[in-house]
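Let's walk through this structure together, one neighbourhood after another. Please keep the viewer open as you read.

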Amino acid sequence: MIDHTGIGVADVARSAAFYDAALGALGLRRVMQLPEGDGSDGIGYGIDYPIFWIDRFHPHSVKQHTAFAARSRAEVDAFHAAAVKAGGTDNGPPGPRTPQGYPPGYYAAFVLDPDGNNMEAVFRGG
């Protein structure tokens with residue numbers, strides 16, 4: 001079971017603008033910043049506690065994939081729109097995924113963040 005995860009980024013402020021928008025569409029927000037109140041070293045996103053971190057300490061040249069749970073298809077759509085508007089690159093528009101490796105009812109969108117990491121929002125409700 002995963003408690004939290006995160007990725008290294010080249011520029012915390014630039015990536016924070018992307019993640020503020022993309023994760024905000026899923027109801028997540030900044031819940032912790034390092035240093036406190038500044039966030040230039042790292043930012044944790046979540047609801048009550050950090051579940052996803054961006055920071056300058058971990059390597060940022062290794063491309064990562066993270067899928068965030070959405071509560072509806074509309075949230076997946078909002079995630080994609082917000083992420084692209086905030087400077088992300090479309091890597092698969094919102095829509096149902098075909099059965100090739102995806103379970104029935106898998107509705108997702110994919111966006112590359114400013115460092116080229118593949119971020120996904122998925123609704124598993126059909």
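His80 sits in helix H2, where helices (H or I, at least four residues) and strands (E, at least two) are DSSP runs numbered from the N terminus. At 12% relative accessibility, His80 counts as buried; here buried means under 20% relative accessible area, exposed over 50%, and partly exposed in between, with a 1.4 Å probe and protein chains only. If you set aside its neighbours within four places in sequence, His80 is in contact with Asp90, Gly92, Pro93, Pro94, Ala109, Phe110 and Val111, contact being heavy atoms within 4.5 Å.

Before going further, a word on what you are looking at: this is a predicted model, in which local features need pLDDT of at least 70 and side-chain atom pairs count only at pLDDT 80 or more, while totals for chains, interfaces and linings use all residues. Residues are numbered from 1 along each chain as its sequence is written, and side-chain values use heavy atoms, with hydrogens and water left out.

Staying in helix H2, we come to Ala83. Ala83 counts as buried, because its relative accessibility is 0%. Not counting residues up to four places away in sequence, Ala83 touches Phe18, Ala22, Gly88 and Val111. Ala83 and Tyr19 are 64 residues apart in sequence, yet their C-alpha atoms are 7.5 Å apart in space.

That leads us to the pairing of the two helices. Two packed helices are described by the angle between their axes and the distance between the axes. How do H1 and H2 run relative to each other? Their axes come within 7 Å and cross at roughly 160 degrees; the axes are lines fitted to C-alpha atoms, for helices over the stretch in contact, and angles run from 0 to 180 degrees between N-to-C directions. H1 and H2 are therefore roughly antiparallel to each other, on a scale where angles under 35 degrees count as roughly parallel, over 145 as roughly antiparallel, 65 to 115 as roughly perpendicular and the rest as oblique. The crossing of H1 past H2 is right-handed, a label used when the near helix is turned clockwise from the far one by less than a right angle, with anticlockwise giving left-handed. At the meeting place, Phe18, Ala21 and Ala22 in H1 face Phe79, Ala82 and Ala83 in H2 as contacts.

Next, the nonpolar core, defined as a set of buried Ala, Val, Leu, Ile, Met, Phe, Trp, Tyr and Cys residues joined through side-chain atoms within 4.5 Å. The largest one has 25 residues, of which Tyr19, Leu23, Tyr45, Phe52, Ile54 and Met119 touch the most other members. At least two residues of this core come from each of helix H1 (12-24), strand E3 (42-46), strand E4 (50-55), helix H2 (73-85), E7 and E8. H1 supplies the largest share, six residues.

Not counting residues up to four places away in sequence, Gly46 touches Gly27, Leu28, Arg29, Val31 and Ile51.

The loop between strand E2 (29-34) and E3 contains Pro35. As background, most residues other than glycine have a negative phi, and most peptide bonds are trans. Leu34 and Pro35 are joined by a cis peptide bond, with omega about -15 degrees.

Is Asn117 buried or exposed? Asn117 lies in the loop between strand E7 (107-112) and strand E8 (118-123), and it counts as buried because its relative accessibility is 1%. Its side chain reaches the backbone nitrogen of Gln64 at 2.8 Å. Apart from neighbours within four places in sequence, Asn117 is in contact with Ile7, Gly8, Val62, Lys63, Gln64, Val111 and Leu112.

We finish with two exposed residues. Pro104, in the loop between strand E6 (89-96) and E7, is exposed, with a relative accessible area of 82%. Arg124, in the segment after E8, counts as exposed at 58% relative accessibility. Not counting residues up to four places away in sequence, Arg124 touches Pro103, Gly105 and Tyr106.

How values were computed: Polar contact = N/O pair within 3.5 Å; in protein donor to acceptor, adjacent residues only side chain to side chain.
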